[in-house]
Every structure is written in structure tokens, then in C-alpha cells.
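Visitor: Could you walk me through a protein model with a few questions and answers? I'm new to this.

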Amino acid sequence: MKIFAITLLAGLSLCANSALAQQAAAPAGDIENGKKHYTTDGCYQCHGTLGNGAALTGPKLANTELPFDAFLMQLRHPANDMPPYEAKIISDKTVADIYAYMKSLPKSPDAKSLPLLTGMGVK
Amino acid sequence: MGKKTSDQAGLDRRGFLTGVAVAGGAGLSGPAQAQSNQTRMAQAQTAPAPAARPKAPLPTAAQTAAENETPAHVEALTTEKTGSDFMVDVCKTLNIDFLASCPGSTFRALQESFINYGQNKKPEWLTCLHEEVSVGMAHGYAKVAGKPMAAMLHGTVGTQHAAMGIYNAYCDRVPMILFTASAGPVEDRRPGVEWMHSVQDGAATVRDFIKWDDYPWSLQSFAESTVRGYALACAEPPGPILITADGKLQESELSKQEEAKLRIPKLTRGTQTVGDPAALKEAAKMLVAAENPVILVDRYARSQQGVDDLVRLAELLQAPVVDKQSRMNFPSQHYLYQNARGGVLVAQADCILSLEPVDLFGQLNRVRDQIERTWRSTSKPTAKVISLSTHDLLMKANYQDFQRYSAADLAITADAQATMPYLIEAVEREIGDRKSAFAARGQKMRDAQKAFAARAHADGALGWDSSPISGARMFAELWNQVKNEDWAFMSPNNYSGNWQHRLWPIEKHYQFIGNSGGSGVGYEPVAALGAALAHREVGGRLPIAIVGDGNFNMAPSVMWTAAHHKIPFLMIIQNNRAYHQEVMHIQRMANRHNRGIESGVIGTEITNPNIDYAGLARSYGAVGIGPISDPKELGEAIKKGVAAVKAGEPVLIDVIMQPRG
Ligand SMILES: Cc1ncc(C[n+]2csc(CCOP(=O)(O)OP(=O)(O)O)c2C)c(N)n1
Ligand SMILES: [Mg+2]
């Protein structure tokens with residue numbers, strides 16, 4: 001068994017990538033195709049059906065602020081526990097479509113406008 | 001229908017019993033007669049009957065007795081008192097309130113004794129439709145009631161059905177008093193089924209995951225073993241015990257003379273193990289000297305006292321508490337409840353106190369789920385670790401619930417709750433002039449806590465209106481309906497986003513009872529049934545369980561037992577129409593193998609057809625509501641459900657939810 005600092009390595013690679021991505025423009029993606037693949041390719045399982053994220057399984061993706069390259073990098077070489085999605089099973093183009101779909105999702109409401117939510121646990 | 005053939009006549013119940021009496025009559029009939037009796041019994045037990053074969057009608061008992069001059073005692077067909085009555089006397093001394101069971105003839109005498117001789121009180125006999133329900137019920141009950149109930153399992157087959165539930169309780173260190181039975185000596189057994197349900201060593205099926213068992217061969221031995229077993233089951237760390245009630249002992253007549261010789265020993269529950277003073281002093285020194293201590297707590301509190309004492313210790317040290325939630329250990333809205341920063345706190349800690357860890361290695365390390373299983377420590381190499389636990393006091397080979405070996409720097413083998421007051425005293429003695437430093441640390445914790453709710457709200461807003469419904473939305477709608485009730489959760493958190501602990505004020509020990517222990521799916525509905533029973537006994541509470549659809553399908557009959565025995569609760573099916581945990585596993589494998597990433601749902605989804613859970617609940621006599629997939633309809637549905645629970649009904653609401661909270 002190897003022991004190494006996964007977070008550190010992953011953190012570095014994401015930083016390096018986002019620096020790169022500053023220069024590259026996000027590719028135009030096909031939102032409808034992205035929506036389809038978000039489900040068929042299993043992203044919804046861990047990230048929620050609307051990219052809303054879930055505490056134990058995967059962070060929020062809707063309106064992701066990651067640059068495309070970092071987004072793609074996470075699929076090809078996951079930082080930690082996410083299963084890898086290599087080019088053989090999901091093309092750069094399809095990832096770009098999913099990325100476009102995530103970017104296209106409506107912003108979630110401001111929590112402050114949801115008294116039911118902010119009132120949870122308050123007697 | 002035509003006239004009965006003589007063979008069918010042989011299946012008539014009176015004739016059948018007569019046949020048994022004759023066969024049991026010390027071999028008075030000849031081999032041919034015995035042969036035909038055997039055939040008849042085999043047929044009776046495995047109806048339908050084969051094609052008719054000509055056979056003479058059976059003689060009546062009177063004819064047989066007359067012909068064979070049966071000794072008088074063989075024809076003594078009734079008796080006033082049996083061994084099973086005495087067994088009930090024994091159980092009555094233990095103050096057991098309930099006994100759950102799916103009936104089975106190996107304990108028919110005991111069952112009859114409990115309900116008639118024992119007047120079906122203390123314990124009251126509860127009908128379950130599967131043995132996994134009986135033991136799972138006992139599991140949930142004990143965690144709320146703080147004492148065990150009993151379950152009775154049919155010889156061999158009943159124990160086999162119960163095995164997983166027993167394993168969960170063992171892993172969760174929960175006491176239960178289990179009985180099984182076996183037909184008596186070989187010459188007394190009726191051919192056929194009685195042999196199938198007899199076993200030399202019935203406990204062997206489950207011995208790897210119970211604390212103790214016995215097959216008593218006399219009534220005196222039954223009394224001593226049952227009382228001993230009860231005490232052992234409750235001693236920390238607790239667990240299930242199993243007593244085999246021999247069929248002959250149960251069914252044999254108990255004469256006055258024999259009864260006069262029997263003694264039921266008194267029950268004395270041993271005191272619990274407490275950490276030795278020298279070790280506590282050392283622990284106190286380490287905790288007081290630390291700049292960044294963290295208290296990790298897992299299967300710790302068994303009562304409110306444990307919670308209150310831990311609050312005292314944490315406040316004394318102004319140390320954050322990170323709760324692994326195998327029990328309700330600490331108030332979730334206390335400023336020192338720092339789960340939201342658990343990872344960071346452990347990473348920065350210079351001293352970690354781990355109270356009753358289920359998995360000390362897992363608390364301090366992470367294993368990555370990729371092909372190469374790399375692992376890393378999540379704490380500093382210099383951090384000093386103190387464990388205070390009973391972990392090593394109940395460990396067996398074979399089943400691996402003990403987890404990976406991980407040595408603390410100071411390992412105090414003792415019951416953490418019983419030791420807590422002494423640890424507090426030791427810390428008080430060491431504290432000296434550290435109080436102001438501690439106060440500054442406490443202030444940091446208060447500041448950090450302020451951000452927790454805001455973060456939870458931001459997360460909860462994501463997918464607020466989504467259908468399938470989000471975990472945050474469901475828990476918010478639920479809160480809105482039950483906030484003025486004395487609510488209590490009976491299900492774990494892990495699959496529904498942990499909203500209870502993130503935002504609900506869990507203050508009382510009974511408001512949360514942890515998880516299954518052994519991760520055996522099916523725990524959620526059955527433990528809820530037992531926990532709800534314990535809540536019912538206290539009165540005035542609103543018991544709530546959030547149950548996965550996969551979990552529910554393991555034991556939907558809990559709804560019938562609840563309706564039959566009038567055990568109210570609110571059960572919300574977190575319906576993601578899948579064994580979702582497994583959906584993700586298969587996805588992971590497909591990705592890893594670079595193929596078929598659309599196929600993860602094969603064998604893991606529960607769709608096509610969708611199951612009508614509300615209809616299922618109604619068919620069992622409970623209230624069924626749903627399916628609810630529109631979040632806007634959820635509040636009203638829960639309101640209706642709560643009203644029905646308050647009217648004494650078990651209620652199921654089917655909510656179509658996000659795969660994960
Ligand atoms: C007896 C048993 N069988 C199978 C499993 C494997 N398993 C672990 S989680 C899980 C899914 C449970 O389904 P559900 O309760 O609906 O929860 P979900 O993951 O869908 O949220 C299964 C089948 C198990 N742990 N125990
Ligand atoms: Mg499910």
C-alpha cells in the first residue's frame with residue numbers, strides 16, 4: 001500500500017489547471033446533449049439530479065465556477081474518490097456539453113428568501 | 001367434489017394426531033403400521049396428497065389402546081403444569097416487557113405458557129411476520145428503552161432468518177434476550193419436520209456474533225442460564241444472548257415435588273468497568289496541556305447522563321466535539337458541536353480523545369476508493385491519541401467488525417460513560433491556570449459555529465424546488481410540521497444529507513439512536529418498529545423514521561405488526577427507487593473498466609414497475625400517503641401523517657427523493 005498526501009497533490013493539479021484555463025475559453029457545448037449525458041453517464045448519482053450536490057457523495061456542480069479545463073481534469077484524474085471518466089468512455093465534447101448544461105442551470109434561490117429553510121431547527 | 005378417498009381421510013387432523021399418539025406409544029404397533037404412520041405424517045406435512053392408494057382407515061385411539069393395552073401414563077392426555085410454565089416464571093423475574101416472535105412449534109409450549117399461564121403480560125407476546133423483524137424490533141427497542149426485550153425464534157429456520165438482525169445488534173453492541181428451541185430427545189421426536197427444526201447446537205448459526213449462549217438440560221439450569229444471560233447481555237459492552245429451550249423440558253409435566261426443588265436465582269447486574277485513576281490522571285494532563293484538543297465520540301452515550309457528562313467535560317476544556325453519531329452523544333446546537341469542521345479540527349489537533357470508537361483507524365485515516373487503495377492519515381503524526389473504550393472487551397475472530405488495528409498513545413480500556421465523571425474530576429484537578437486559554441478557545445468555537453447554519457442554508461437552497469425532492473426540503477417541511485411535538489428520530493442520517501444534525505436541535509438522548517451497527521440492510525424499518533414501541537410506552541412522543549426504499553422492502557410487514565399492536569410512528573420512505581448505494585458502486589466499476597457507463601442501474605434500480613408503498617402500507621392496515629414527488633405537496637402530506645400518528649396510527653409517507661440528500 002502506498003501512502004501519500006492525496007489532497008495536496010490533487011490541490012496542486014487543480015490550481016495548475018485553473019491557471020491554464022484562464023487563457024482558454026470554455027468550449028461551446030450542446031446543453032440538451034449535456035443534460036442527457038448528465039443522467040445516462042451517472043453524474044446525477046453523486047451530484048444530484050440538478051447538480052445540487054449531496055453531503056456525502058459529491059459537491060454541487062450547478063453553475064460551476066471551475067474553468068472547463070479543471071472540470072475536465074477532475075473527470076480524467078479525480079482528486080480523490082470520484083470514479084474516473086476517461087476519454088474512452090466520455091469524450092471531451094460530451095464533457096463540454098455537460099459543462100454547458102451545468103452552467104445553464106437556473107441559480108438556486110437565495111436561502112434568505114426561503115423562510116421554511118432558514119426556520120428549520122428554530123423553535 | 002367426489003367422496004373422500006381413504007388416503008385423504010388419513011389427512012384428517014384427528015386421525016393425524018391419533019397416528020402420532022400411536023407412533024409415540026413406545027413402538028407398540030408393528031413395523032408395517034409404523035411405516036404407514038410415517039407415510040401419513042409426511043403427507044400431512046407436505047400436502048397435497050399423492051394419487052390415492054387403497055389403505056385401511058385408521059383405528060381410533062380407544063381401539064388402539066384397547067387392542068394394545070397401552071400403559072395408563074400414555075393416555076394421560078392433560079396436565080396442570082409444565083416445564084414451560086416454570087420458564088415463564090423465570091422470565092417474569094427479569095422484568096421483560098415484550099417478547100417478539102413469529103410462531104413455531106418448537107416453542108409451542110412456551111408460547112402457550114406465556115400467553116395463558118403468564119397472562120400475556122410482562123412480557124406481552126408480539127406477533128412479527130419474519131424473525132428478522134422480531135430481533136430488529138428488539139434492537140431498536142433497547143436503544144430507546146435502555147433495557148432489553150426478548151425475541152423467540154423457531155428452531156433452526158427461525159434462527160437462520162434472524163441471523164442478520166442479530167449481527168446488526170451485536171455490531172451495534174445492543175442487548176437482547178433471544179430464545180430458540182429444539183425438539184427433545186430423538187425417541188420423542190415426530191418424524192419429519194420436528195427433525196428439520198431440531199439441532200444439536202442451535203446457537204452455532206449465530207455464535208460468532210452473540211455474547212453468550214446455552215442449551216440448558218434441566219429446568220434449574222434454564223433458570224440459572226437465563227438470569228446469567230440477562231446480566232451478561234446488559235454488561236458493557238452489551239450484546240445479544242441466546243438460550244435454547246429444549247422441547248422436552250418445555251412440554252414435560254412439572255410435578256409439585258420437582259417444582260419445590262427449583263430455585264430462580266436473583267438478578268444482579270454487575271457494575272461497569274471504570275478507567276484506572278493513574279491512566280485518567282495522565283489523560284487529564286494531556287488534555288489540559290493541549291492547545292488544540294478534539295473530542296471524537298461515537299458509540300458513547302447510553303442515556304441522558306452520558307450526554308450531560310460529556311457536555312461538562314467539553315465545556316471544562318472548551319474542546320470541540322466531533323460526533324460520529326453511533327448514538328445521541330452531544331446536543332447538536334451546542335457551540336462545541338463542531339461536526340461541520342470535523343476534518344479540519346482533526347487535522348490540526350495535538351491531542352485527540354476518542355470515546356467508544358467503533359473504528360479508531362477510520363477516525364484517523366482515509367482510504368481512497370480507486371484501483372490502488374492508497375491511504376493517508378488525517379491527523380498530524382505528532383498528535384497524541386487517547387482512547388477510552390470497551391472496544392477490546394468484546395472481540396471475536398472471524399467476523400471483522402473490530403476494524404483495522406490502530407493503537408492509541410494511551411488506551412484506557414473501560415466504559416466511557418461510567419468513567420466520564422472520574423475523567424472530569426481528573427481534568428478539574430489538572431486545570432490550574434489554563435482557564436483563560438480555554439476561554440479563548442471556546443470563543444473561537446462560538447465564532448465558527450455562527451457560520452454553520454449559514455452554510456447549511458446555502459447548501460439547502462440548492463435544488464430547493466427540485467423533483468425528486470431534496471433532503472433539505474424534506475427535512476424543512478418535516479420540521480415545520482413537528483417543531484412543537486416531542487419528536488424523536490429512529491433512523492440514521494447517512495443517506496439523507498445529515499440535516500437532522502446540521503439544523504435540528506437534537507438535545508435529548510432519545511431523539512436519535514444511531515445506526516444499524518452491522519450495515520445489514522433491513523435495519524431501518526424493523527429498528528423503527530421497536531423504537532416506536534419504546535416511545536409509545538413513555539407516551540407523548542412523535543417517533544419518526546426516514547427509511548430507504550431498499551431497506552423498507554426487506555421488512556414491509558412492520559406496518560402490520562404496528563397496526564396490530566397499535567404502535568404509532570411516522571415513517572417517511574426516502575424513495576429513490578433504487579439500491580442507490582449499489583448504483584454508485586456499479587458505476588464506479590464500469591468507469592474503472594472503461595465500459596458501459598450507462599449500465600450501472602441494471603440490478604440496482606427498483607423501477608419498472610414502481611412499487612406503491614402507500615398502498616402496501618394500507619394493505620397491512622396502516623395509513624399510507626403518497627407517492628409525493630412535488631415538493632409543494634409535501635407539507636400537507638406530512639401534516640396529515642402527523643395527525644394520524646397522534647391519533648395512534650402507524651403512518652407511511654412515500655416521498656420521491658433525490659438519490660442522496
Ligand atoms: C442485507 C444486505 N444486503 C445488501 C446490502 C448492500 N447494500 C448496501 S446499501 C444498499 C442499498 C439500500 O437501499 P436503500 O435503503 O433504498 O438506500 P439507498 O442506498 O437507495 O439510499 C444495499 C443493497 C447490505 N448492506 N445488506
Ligand atoms: Mg433507495
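Here is a short chat about chain B.

Guide: This is a predicted model, where local features need pLDDT of at least 70, side-chain atom pairs count only at pLDDT 80 or more, and totals for chains, interfaces and linings use all residues. Residues are numbered from 1 along each chain as its sequence is written, chains are lettered from A and ligands numbered from 1 in the order in which they are written, and side-chain values use heavy atoms, leaving out hydrogens and water.

Visitor: What share of the residues of chain B count as buried?
Guide: Buried means under 20% relative accessible area, exposed over 50%, and partly exposed in between, using a 1.4 Å probe and protein chains only. Chain B has 661 residues, and the share of them that counts as buried is 55%.

Visitor: Is Gln325(B) buried or exposed?
Guide: Look in the loop between β8 (321–323) and α15 (342–348) of chain B; helices (H or I, at least four residues) and strands (E, at least two) are DSSP runs, numbered from the N terminus. Gln325(B) has 10% relative accessibility, so it counts as buried.

Visitor: Which residue's side chain makes a polar contact with the side chain of Gln325(B)?
Guide: A polar contact is a pair of N or O atoms within 3.5 Å; within protein, one must be able to donate a hydrogen and the other to accept it, and residues adjacent in sequence count only if both atoms are side-chain atoms. For Gln325(B), the pair is at 3.4 Å, and the partner is Tyr337(B).

Visitor: How about Gln318(B): is it buried or exposed?
Guide: Find Gln318(B) in the loop between α14 (304–317) and β8 of chain B. Gln318(B) has a positive phi of about 50°, although it isn't a glycine. Its relative accessible area is 14%, so Gln318(B) is buried.

Visitor: Asn120(B) has a positive phi too; what is its relative accessible area?
Guide: Asn120(B) sits in the loop between α6 (108–117) and β2 (124–127) of chain B, and its phi is near 55°. Asn120(B) counts as partly exposed because its relative accessible area is 28%.

Visitor: Which residue is joined to Pro237(B) by a cis peptide bond?
Guide: Pro237(B) is in the loop between α10 (219–234) and β6 (240–246) of chain B. Omega of this cis bond is about -5°, and the residue joined to Pro237(B) is Glu236(B).

Visitor: And what is omega for the cis peptide bond from Ser467(B) to Pro468(B)?
Guide: Pro468(B) is in the loop between α18 (435–461) and α19 (471–482) of chain B. For the cis bond from Ser467(B) to Pro468(B), omega is near 0°.
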